[in-house]
Amino acid sequence: VQLVESGGGLVQAGGSLRLSCAASGRTFSSVYTMGWFRQAPGKDREFVTAISWNWSAGIAYYSDSVKGRFTISRDVAKNTVYLQMNSLKPEDTAVYYCAADVSRAPINAINRAKWDYWGQGTQVTVSS
């Protein structure tokens, strides 16, 4: 599975951005869940949100830090997952990574070990 993120950039606090993650590859049909993580300078990569892929009506999960501000969505026909980010704060500044779960390991989604494939990341910078 290959994942390519886009849509990052510089935005003022209170603004919005939409990230996209386009997926491809022979094994993509085996994807179970898609998600987003982020990593700020000097910090660990942290879970942001995840969505079921093609096995349900798109059940989504969010970290407490973004709940109510970020929305994950999917377009299964386009093999693309989106992250709509509203009411952005300076503390949202980070490199955002798309991830795919194929192996369905019995690991909590917030744990990086659960995720099998990663994109290269896209920078999001929120100025105050």
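**Aromatic cluster and salt bridges**

Tutor: In this predicted model, ring pairs join Phe37, Phe47, Trp115 and Trp118 into a cluster.

Student: How many aromatic pairs does the count come to?

Tutor: The count comes to three aromatic pairs. One of them is formed by Phe37 and Phe47, an edge-to-face arrangement with 5.6 Å from centre to centre and 80 degrees between the planes.

Student: Which strands do Phe37 and Phe47 lie in?

Tutor: Phe37 belongs to strand S4 (residues 33-39) and Phe47 to strand S5 (residues 46-52), so this pair ties together parts of the chain that are ten residues apart in sequence.

Student: And Phe37, is that buried or exposed?

Tutor: Phe37 counts as buried, because its relative accessibility is 0%, and Phe47, at 9% relative accessibility, counts as buried as well.

Student: What about Phe37 and Trp118, what angle lies between the planes?

Tutor: The planes of Phe37 and Trp118 are 70 degrees apart, with 5.0 Å between the centres, and this aromatic pair is edge-to-face. Since Phe37 lies in strand S4 and Trp118 in strand S10 (residues 117-118), the pair ties together parts that are 81 residues apart in sequence. Trp118 itself is partly exposed, with a relative accessible area of 26%.

Student: Which charged end sits over the ring of Trp118, 4.9 Å from its centre?

Tutor: That is the charged end of Arg45. Arg112 also lies over the face of Trp118, at 5.8 Å from the ring centre.

Student: Switching to salt bridges, how many does the structure hold?

Tutor: The structure holds five salt bridges. Among them is the one between Asp92 and Arg38, whose closest N and O atoms are 2.9 Å apart. This pair links distant parts of the chain, with Asp92 in the loop between strand S8 (80-85) and strand S9 (94-101) and Arg38 in strand S4, 54 residues apart. Both Asp92 and Arg38 are buried.

Student: Which residues are linked in a network of salt bridges?

Tutor: The network of salt bridges links Arg38, Glu46, Arg69 and Asp92.

Student: And Asp64, buried or exposed?

Tutor: Asp64 counts as exposed, at 68% relative accessibility, and it forms a salt bridge with Lys67, the closest N and O atoms being 3.3 Å apart.

Key: Residues are numbered from 1 along each chain as its sequence is written. This is a predicted model: local features need pLDDT of at least 70, side-chain atom pairs count only at pLDDT 80 or more; totals for chains, interfaces and linings use all residues. Side-chain values use heavy atoms; hydrogens and water are left out. Rings of Phe, Tyr and Trp (its six-membered ring) pair if their centres lie within 6.5 Å; planes under 30 degrees apart count as stacked, over 60 as edge-to-face and the rest as tilted. Helices (H or I, at least four residues) and strands (E, at least two) are DSSP runs, numbered from the N terminus. Buried means under 20% relative accessible area, exposed over 50%, partly exposed in between (1.4 Å probe, protein chains only). A charge sits over a ring if NZ of Lys or CZ of Arg is within 6 Å of the ring centre and within 35 degrees of the ring normal. A salt bridge is a side-chain nitrogen of Lys or Arg within 4 Å of a carboxyl oxygen of Asp or Glu.
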